[in-house]
Amino acid sequence: MGGVRRVRLMIIKPRVRGFICLTAHPAGCAAHVQEQIDYVKSKGVIGNGPRNVLVIGASTGYGLASRITASFGSGARTMGVFFERPPSEKKCATAGWYNSAAFHRAAAAEGLYARSFNGDAFSDEMKVQVVEAIREDIGQVDLVVYSLASPRRQHPRTGETHKSVLKPIGQHYTASTLDTDKGAVSEVTIGPATEQEIADTVAVMGGEDWGFWMEALDEGGVLAPGTTTVAYDYIGPEVTWPVYTNGTMGRAKIDLREAARQIDARLKENGNGRAYVSVNKALVTQASSAIPVVPLYISILYRVMKEKGNHEGTIEQIQRLFATHLYNSREPQLDDKGLIRIDDWEMEPDIQARVKEIWPRVTSENLREITDFDNYQEEFLKLFGFGLPGVDYDQEVDQMVGLDP
C-alpha cells in the first residue's frame, strides 16, 4: 500500500495556482480528516449501516466523507481506490494521499479494517485487483460508492484517452465569474463545445465506468445480497446551468443517471440490490473550484445559508445522506426523476431568491462584504491541509508519510 519510511523534514506553505494548490500539509490534512471523524461520531451511530464498503474515488471530497461516515458512523470495513501522488524527496504528496494516510491511522487506532489501492480506477487491472482483495479479505461488499472526479480517462477497452471539458453546448455563455486567486469579479465568455468534446466528457464523467465496476464486482461474486450503490451528482441553480447542467458536464450526468437505472435493474435481478444517484449541494471541492461561475455562486450561497442557519459542509452532507436516506431503517426520498435530493436545503426557494438578489450586485470591491468569499478561500485551503486550528505551520513536518499506520 505504499509504506514510505524515509524522513524529510520541511516547512510547507500553500502555493496556489489557479484552482489548484501545488502543496499539501500532512499534519493539516490529518487535522482536517479528524474534524470530519469527530463530526460523524458526534451524530451517533447510524443504525443498520453498511458493513463492508468499497469507495471508488476515496481520497478527497465526497468520497473521503463517505469512507469516514461508513467507518466511524457504522463501524464498517472499507476499501478505497484513488490515484494520488505519494511523497518524494523533492515533493510533498497530494492532499488525497495525506488524507488517506490519516484515515488509515485513525481507523487502525479504533480497530477498523481499511485497505487502499492507489492507481488508475478506470483500468480493468484495478478492478480485477480489487475484486480479488474483497474476496480474500472481507468476502463481499454491501455498499459501493462511486465518487470519481478526473479530468481524463484512458478507456480500458479501446486504449483511447478522453479529456473532459466544462463548456456550454450550442451557444456562447457569458456571465460573472470569480478569480479566486485575486478575489476579482469579472465577466467570462465560454465558447460552445464540439461534438467530440461532448463525447469525451461523457466518456470521462458519465456512467460507463461505474457500470464496468458493478459488472466486475457482480461477476466476481463479491456483491452481497441487497447491495446499495450510490454515485454523486450536482444540478444547481439556473445561473450555472449553461456551463454545467445544460453543458458538457450535464450531458455526462444524464449518462450517469442512465447507468444508475441499468445498474439498479441488474442488482434487482441478482438479489434485491439498489442503485441511486444522490444530487448533492454546491461545496468547495477541488472539482467545483475548476468550474467557471460556480466559485462566485458558492461564495454567495454560503453567506445566505449561514444567515438562515442551514449551511452544510461535505461531511455534514454525507452524514445526512447516510442517516436520513440510505440507513437508519430509512428509505430514500426520491424526486420525480428518481434522484435523491440532498441539495434540498440549497434549492429552497427563499435561499435561491436571496442568491439571485445578491448576484448582480457583486463587484470586486464589495465581494468580501456581501458574500462569504473569505470563508470560500479558507475552505479551499483546508482541502490541502492549510488553515486548520492547532497546526503550527511554521514547524517543520515530515512529508514522507506512508499509507500504512
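User: How many bridges join strand 7 to strand 12?

Analyst: Five bridges join strand 7 (residues 141-146) to strand 12, and the two run parallel. Two strands pair if DSSP finds at least two bridges between them, so five bridges meet the rule. Strands (E, at least two residues) and helices (H or I, at least four) are DSSP runs, numbered from the N terminus. This is a predicted model: local features need pLDDT of at least 70, side-chain atom pairs count only at pLDDT 80 or more, and totals for chains, interfaces and linings use all residues. Residues are numbered from 1 along each chain as its sequence is written, and side-chain values use heavy atoms, with hydrogens and water left out.

User: How do you know that strand 12 and strand 13 pair?

Analyst: Strand 12 (residues 223-233) and strand 13 share six bridges in the parallel sense. The rule asks for at least two, so this counts as a pair. Val230 has Tyr276 of strand 13 as its bridge partner.

User: What is the order of the strands in the open sheet?

Analyst: Seven strands stand in the order 6-5-4-7-12-13-14, with parallel pairing. Strand 6 (114-118) and strand 14 (340-341) stand at the edges. Each has a single partner strand, so one side of each is left without a neighbour in the sheet.

User: Why is strand 13 called largely enclosed?

Analyst: Six of the six residues of strand 13 (residues 274-279) are buried, so the rest of the structure largely encloses this strand. Buried means under 20% relative accessible area, exposed means over 50%, and partly exposed lies in between (1.4 Å probe, protein chains only). Both faces are covered. Arg274, Tyr276 and Ser278 are buried on one side, and Ala275, Val277 and Val279 on the other.

User: What makes Glu35 and Lys382 a salt bridge?

Analyst: Their side chains meet at 3.2 Å, N to O. A salt bridge is a side-chain nitrogen of Lys or Arg within 4 Å of a carboxyl oxygen of Asp or Glu. The pair therefore qualifies. Glu35 lies in helix 1 (residues 26-42) and Lys382 in helix 12 (residues 373-382), so the bridge ties together parts that are 347 residues apart in sequence.

User: Which of the two is buried and which is partly exposed?

Analyst: Lys382 has 14% relative accessibility and counts as buried. Glu35 has 34% and is partly exposed.

User: How do you know that Arg157 and Asp124 form a salt bridge?

Analyst: Their closest N and O atoms are 3.1 Å apart. That is within 4 Å, so the pair counts. Arg157 lies in the loop between strand 8 (152-154) and strand 9 (161-163), and Asp124 in helix 4 (residues 124-137), so the pair ties together parts that are 33 residues apart in sequence. Arg157, at 46% relative accessibility, is partly exposed. Asp124 is partly exposed at 25%.

User: Why is Asp372 called buried?

Analyst: Its relative accessibility is 16%, so Asp372 falls under the 20% cut-off. The side chain of Asp372 meets that of Lys306 in a salt bridge (2.7 Å, N to O). Lys306, at 38%, counts as partly exposed.

User: How many salt bridges does the structure hold?

Analyst: The structure holds 25 salt bridges.
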